[in-house]
Amino acid sequence: MREINIGLLGFGTVGTGVVRILEQNAEDIQTRTHGKLSVKKILVRNISAPRQMSGNFQLTDIPDEILHDDEIEIVVEAMGGIEPAKTYILEALRNGKNVVTANKDLLALHGQELFEAAKEAGKDLYFEASVAGGIPIIAALKQSLSANRISAIIGIINGTTNYILSAMTDQGRKYEEVLTEAQKLGYAEANPSSDVDGIDAARKLAILSSLAFNSRVTLPDVFVEGISKITPEDIKYAGELGCIIKLLAIAKQQNEGIEVRVHPAMLPKSHPLASVTGVFNAIYVVGDAVGETMFYGRGAGSLPTGSAVVADIIQVARNIESQSTASLNCTCYRKVEIKSPDEFKTAFYVRLLVKDEPRVLATLALLFAETNISFASIIQKPRGSQEAEIVLVTHPCQEVQMKEALDSVKAYSKVLNIQNVIRFEQEQ
Ligand code: NAP
Ligand code: HSE
């Protein structure tokens, strides 16, 4: 029986999951690939650190022992970060190895260069685990939905923020308190910035959009806003408006181009994504032939992410066997314009603290009317004897109109504070 050797770069959360799955399902995997998949060597930073697992592999801290090992046909990159991961992947491809990676940071910035290197080498570069852990969304967009013109992708693709917003919604708790709890439970990192500021979701959205629209989208193309300004009050008002607040990763294709954005959004409770709670992820995809689809599951963790990496390894092994590597790498065959944030068109929730006096509401209506924004509904609640909180829900308008209106509102002396502004995501 043919043996295919694997070199693993990284033996942390994902790396150990990969080794565990290859071991525990070895017999089935062998039958499915008509060959034996063996992890020969694993690269780590600290070779003397205690490890969760041992096995028939060699640990090394010398990258060339993997990158220049002629017996290794598949290199799995599960280290993370930009460098040295990028250099190692390029080196592996140049040395005739196929590559599987879970690295969204790298793909969202340097995908094009990596895919060109894979093409040049005639080798596979697979990356299912880079978005939404165990959910098979990359293969779905690359293959299963390739007959469609995709009009929209709306994803909950960051488990940490979904956990925080779910706990705030269910328990009425404050952002800071739930974040601290998430850190204690290991859901949020000590430095939670890339999750809570929306960057992690933006990286994943760049990868998904490139696949869905066949046009390269990189991290700087994505408009990003995080969840740190969301308060229990906003969540309560969302409930009154029949909505739930979620951090959404949204990519839409219209005739004028594509828009790619990550931000908290008021989502109608009836939307299929509204019921995705806790650390779970889901991606809602609309195609012209298939209609609405939704993919749901665990977006992180050792075995769920390992599941996606091992599936890629199996596919690469099949490709090696059938001598068809590099047949499905880069799918970005065109260049579509990416819309500027000013052109985004959504309905808005605007929560204001104002003086409770005659003509304040009328003046606000005038200030919004000056930029042609019309209200869909208004909620007003007293705050003490002389102040009131007003929630304005607008009809859809362009971001640039809203910016202009908010500048005037800020300058209006009866407005004590703009408490929050949140976009709506309407039903399709
Ligand atoms: P991790 O637990 O921090 O593990 C990283 C591993 O890489 C460690 O074994 C580390 O060695 C090794 N490493 C890091 N830098 C190295 C270097 N310069 N030279 C040699 N070895 C190095 O990371 P992870 O959570 O498994 O994540 C790996 C990748 O998967 C990242 O790209 C991440 O974004 C992606 N991903 C992770 C998840 C998840 O649930 N964790 C989900 C989806 C995608 P030591 O053990 O010696 O420190
Ligand atoms: N930090 C990510 C999340 C998991 O919270 O979803 C790894 O992609």
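This is a short walk through one predicted chain, from its overall form down to a few single residues.

First, the ground rules. The model is predicted, so local features need pLDDT of at least 70 and side-chain atom pairs count only at pLDDT 80 or more, while totals for chains, interfaces and linings use all residues. Residues are numbered from 1 along each chain as its sequence is written, chains are lettered from A and ligands numbered from 1 in the order in which they are written, and side-chain values use heavy atoms, with hydrogens and water left out.

Overall form, then. The chain has 14 helices and 18 strands; these are DSSP runs numbered from the N terminus, with helices being H or I of at least four residues and strands E of at least two. The C-alpha trace spans about 85 × 45 × 35 Å along its principal axes. For 428 residues, a compact globule would have a radius of gyration near 22 Å, and the chain agrees with that at 24 Å. That radius is taken over C-alpha atoms, and the globule rule is 2.2 Å times the number of residues to the power 0.38.

Of the 428 residues, 54% are buried. Buried means under 20% relative accessible area, exposed means over 50%, and partly exposed is in between, with a 1.4 Å probe and protein chains only. The accessible surface comes to about 18600 Å², and carbon and sulfur atoms hold 48% of that; the areas come from the Shrake-Rupley method with a 1.4 Å probe, and for residues only the protein chains shown count as cover.

Among contacts with a separation of 6 or more, 74% join residues 24 or more positions apart. Contact here means heavy atoms within 4.5 Å.

Now one sheet. Strands of a sheet pair through backbone hydrogen bonds, either parallel or antiparallel. Here we have an open sheet of six strands in the order E3-E2-E1-E4-E5-E6, with parallel pairing. Its edge strands are E3 (58-60) and E6 (125-126), each of which pairs on one side only. Two strands pair if DSSP finds at least two bridges between them; E1 (residues 3-9) and E4 (residues 72-77) have five, in the parallel sense. Leucine 9 stands opposite glutamate 77 in E4.

The peptide bond from glutamate 83 to proline 84 is cis, with omega near 10°. As background, most residues other than glycine have a negative phi, and most peptide bonds are trans.

Which residues other than glycine have a positive phi? Histidine 34 is one, at about 55°, and alanine 132 is another, with phi near 60°. Histidine 34 sits in the loop between helix H2 (26-33) and strand E2 (36-43), and is exposed at 61% relative accessibility. Alanine 132 is in the loop between E6 and helix H6 (137-144), and is buried at 0%.

Histidine 263 belongs to strand E10 (residues 257-268) and counts as buried because its relative accessibility is 0%. What does histidine 263 touch, not counting residues up to four places away in sequence? The list is Phe223, Glu225, Lys246, Leu247, Leu248, Ile250 and Arg423.

Serine 385 lies in the loop between strand E15 (375-383) and strand E16 (387-394), and is exposed at 70% relative accessibility. Its C-alpha atom is 8.0 Å from that of aspartate 356, 29 residues apart along the chain.
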